[in-house]
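Here's a quick briefing to read alongside the model. Have the viewer open and follow the topics in order.

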Amino acid sequence: MAYSLRVRCSDCESEWYVDPQDITLHLWRPSDAGRPWYTFVCAGCEQEQVKKVNNPRVYEMLTEAQCPIEYHAVSPDLLEEHKGDEISYDDLIDLHFALRDDTRDWTKELNLDD
Ligand SMILES: [Zn+2]
């Protein structure tokens, strides 16, 4: 069944009916890394629109309409649990001076020999 989806442009504030093939659904991999979003180009002002999928019904409509899907991989580092204090400006200044110190053996200090 062919049908169109109604979208609203945030730039020119117009509403359009568009072919589902002209809307791209963006999903994270892994899927729990973040909320999906969708994009389309406004037929009126030609600005690309980026919209959050802020409720399950919108997600259902986009997938049922078989909009093209683009996957975005999240680095596993971003999903790791981090312990300790946040890095401060003082830490960065200390690092700057430490990196300029030619007497330090970074391979040894960072255990890169293993
Ligand atoms: Zn527009």
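This is a predicted model: local features need pLDDT of at least 70, side-chain atom pairs count only at pLDDT 80 or more; totals for chains, interfaces and linings use all residues.

Strands here are DSSP runs of E, at least two residues long, numbered from the N terminus. With that in hand, β1 shows a covered face, made of L5 and V7, and an uncovered one, made of R6 and R8.

- β1 and β2 run antiparallel and are joined by 4 bridges.

**The zinc site**

- Which protein atoms hold the zinc ion as donors? They are the SG atoms of C9, C12, C42 and C45, and they lie 2.2 to 2.3 Å from the metal.
- Along the chain, these donors follow the spacing C-x2-C-x29-C-x2-C.
- The C12 and C45 pair links distant parts of the chain, 33 residues apart: C12 is in the loop between β1 (5-8) and β2 (15-18), while C45 is in the loop between β4 (37-41) and β5 (48-52).
- Why does the arrangement count as tetrahedral? The 4 donor atoms subtend angles of 106 to 119° around the zinc ion, and the cut-off asks for all angles to lie between 85 and 135 degrees.
- For reference, the ideal angle for four tetrahedral donors is 109.5 degrees.

**Cysteines and disulfides**

- A search of the whole structure turns up 0 disulfides.
- C67 is in no disulfide either, and the nearest cysteine sulfur, that of C42, is 16 Å away. A disulfide would need the two sulfur atoms within 2.5 Å.
- C67 is buried, with a relative accessible area of 5%.

**Aromatic contacts**

- How many aromatic pairs does a search of the whole structure find? The count is 2.
- One of them is W28 with W37, a tilted pair with 5.3 Å centre to centre and 55° between the planes.
- W28 is partly exposed at a relative accessible area of 26%, whereas W37 counts as buried at 18%.
- Y38 and F40 make a pair too: their ring centres are 6.3 Å apart and their planes sit at 20°, so the pair is stacked. The cut-off for stacked is planes under 30 degrees apart.
- Y38 counts as buried at 14% relative accessibility, and F40 is buried with a relative accessible area of 3%.

**A charge over a ring**

- Look at R29 as well: its charged end sits over the ring of Y71, 3.8 Å from the ring's centre.

How values were computed:
Residues are numbered from 1 along each chain as its sequence is written. Side-chain values use heavy atoms; hydrogens and water are left out. Buried means under 20% relative accessible area, exposed over 50%, partly exposed in between (1.4 Å probe, protein chains only). Donors are N, O and S atoms within 2.8 Å of the metal (3.2 Å for Na, K and Ca); water is not among the atoms, so sites may look incomplete. Four donors count as tetrahedral if all angles lie between 85 and 135 degrees; four count as square planar and six as octahedral if opposite donors are over 155 degrees apart and all others between 65 and 115; anything else is irregular. Two strands pair if DSSP finds at least two bridges between them. Rings of Phe, Tyr and Trp (its six-membered ring) pair if their centres lie within 6.5 Å; planes under 30 degrees apart count as stacked, over 60 as edge-to-face and the rest as tilted. A charge sits over a ring if NZ of Lys or CZ of Arg is within 6 Å of the ring centre and within 35 degrees of the ring normal.
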